[in-house]
Amino acid sequence: MNVSTKLLKFLEGMRVFETLLDDERDIFPLFGLCFNITAKTVLGQQEEFKRNLQLGILLELLDYDVNEVSNPHNFTGTGKLQYELYRYGDKKIIDVLYAIFGEILNGTFRELYDDHLLEHIKEIASNARENMDQQKEADPEIFEKNFPNLMNRYNWSELENKYQEEKKKHSVTMEWLREKQERELQKVLELGIMSHADEPSVQAIEDSDFQYHQSFLSHKFNPSVDYKEAYTQYMRYATRQEGMIITKLGEYGQYIATYINTFRPEQKKALFGIIKMFSLIHADMVRLNPELGKYLGLSNEEGIEGTKYFGIYINLLKMFEESWYKEFRSDKKYSLKWIEQFLNDLMRSEWRDKIANDWYKPDKKKTVLGYIIGCLISAGVLEGSDSAIATAVVKHINFDNKAIVGKTIAINFGKGRKKGYCEWICDYVKH
């Protein structure tokens with residue numbers, strides 16, 4: 001290896017050390033010992049280059065950024081290696097190694113290889129295939145459940161910031177969001193992310209909603225047969241609900257897992273990036289039309305935006321923003337900000353699916369509102385008679401048949417007190 005390559009590899013190794021995790025701290029002292037050996041090798045090659053040049057012999061051209069490699073701080077980085085070695089204080093190196101490796105140090109190097117390292121390698125190789133087989137055979141439900149964890153392996157801040165900046169330049173209408181959704185899908189399809197999916201039949205392509213998809217793309221776009229194929233392949237892993245592309249994360253995740261090692265780095269990120277982009281777009285769609293939330297599941301642990309629970313949250317919040325709530329709240333501390341947090345937490349609680357199941361039944365939204373108001377009366381957030389609160393609610397919220405609804409909603413107050421989540425709400429208020 002020539003001196004330039006060896007020098008740059010030494011620099012690279014020192015930088016790699018900076019990225020090592022603390023769960024392998026026991027091997028850090030060995031890095032110090034090995035780096036010392038490599039450093040002496042580099043020094044020897046540099047001395048040989050200098051001697052040869054003095055003799056008029058030039059076997060290679062020095063190929064490195066001299067400003068980079070002539071600064072010791074570029075090698076020592078953040079000082080992590082110094083810190084890790086200094087933490088052993090004045091302990092002798094041999095004593096530290098014995099504490100880490102134990103009796104293996106008393107064996108021979110042949111034993112080290114045959115009885116230890118080789119056995120570990122064989123087990124690692126066996127586990128590698130077994131783990132991959134288990135992953136391929138895993139139920140799609142596992143991939144759907146863990147998709148947020150897989151997404152979190154990437155940093156999406158740049159994507160999020162770019163999307164927010166783009167929103168500032170446009171009027172965020174439903175039409176713009178639908179166009180954005182289709183064009184983002186176009187970008188990733190053109191990266192070849194569906195290259196390993198089963199080839200669709202001519203009939204499958206003809207039966208797809210490709211024309212709808214294309215209607216949102218540039219008028220200059222002339223789709224190839226391969227592009228139509230890729231779109232049809234992707235939509236096998238998705239459904240379209242009122243214009244929203246809802247990816248079936250279980251089946252899609254299984255597809256990614258099966259072929260992940262064959263994708264290029266930019267393809268790997270794009271496979272997950274399109275789901276992140278869809279979540280941002282869908283969250284804005286739900287803001288414009290909360291009813292669309294019923295098509296979306298709880299996608300992450302950070303918030304309910306872009307989920308079916310968000311639509312419930314928005315609708316309930318609008319109802320509580322009416323003057324009846326301020327009139328009957330028992331204390332000013334139960335402000336609209338408090339209601340926002342309460343509804344958000346309720347929609348993230350273990351009762352969210354029970355509430356959602358009731359909410360999305362035909363003509364049940366006002367019923368669920370009555371249930372929750374009844375719980376808040378029991379919890380002491382609201383005070384007043386059921387009939388008085390019910391009359392005020394129907395007065396300020398757009399109901400048909402207000403007289404009949406007033407009696408019905410008061411009855412629902414009582415039914416709400418018998419709901420399983422009433423105890424949760426009372427405990428929430430209490431604490």
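**Notes on a predicted model**

1. Leu53, Leu58 and Leu61 make a nonpolar surface patch of about 330 Å². Keep in mind that this is a predicted model.

2. Leu58 is found in the loop between α2 (28-54) and α3 (66-69).

3. Now go inside. The largest nonpolar core has 61 residues. Those with the most contacts inside this core are Phe320, Trp324, Phe342, Ile373 and Ile425. A second, separate core has 30 residues, including Met151, Tyr227, Ala270 and Leu271.

4. Which residues does Trp324 touch, leaving aside its neighbours within four places in sequence? Trp324 is in contact with Met319, Ile373, Leu382, Ile389, Ala392, Val393, His396 and Ile397.

5. Next, helix α14, residues 249-259. Gly250, Tyr252, Gly253, Tyr255, Ile256 and Ala257 are buried here. What covers them? The cover includes α7 (109-137), α8 (140-151), α13 (225-235), β2 (244-247) and α15 (265-288).

6. Finally, find Arg240 in strand β1, residues 238-241. The Arg240 side chain makes a polar contact with the side chain of Asp209, at 2.5 Å. The Arg240 side chain also reaches the backbone oxygen of Gly243, at 3.1 Å. Setting aside neighbours within four places in sequence, the residues in contact with Arg240 are Gln181, Glu182, Asp209, Tyr212, His213, Tyr231, Met235 and Ile245.

Note on methods:
Residues numbered from 1 in each chain as written. Predicted model: local features only at pLDDT ≥ 70, side-chain atom pairs only at ≥ 80, totals over all residues. Heavy atoms only, no water. Buried < 20%, exposed > 50% of the residue type's maximum accessible area, 1.4 Å probe, protein only. Helix = DSSP H or I, 4+ residues; strand = E, 2+ residues; numbered from the N terminus. Contact = heavy atoms within 4.5 Å. Core = buried A, V, L, I, M, F, W, Y, C linked by side-chain atoms within 4.5 Å. Patch = residues over 30% accessible without salt bridge, like charges linked within 9 Å, V, L, I, M, F, W, Y side chains within 5 Å. Areas by Shrake-Rupley, 256 points an atom, 1.4 Å probe, with all protein chains shown as cover. Salt bridge = Lys/Arg side-chain N within 4 Å of Asp/Glu carboxyl O. Polar contact = N/O pair within 3.5 Å; in protein donor to acceptor, adjacent residues only side chain to side chain.
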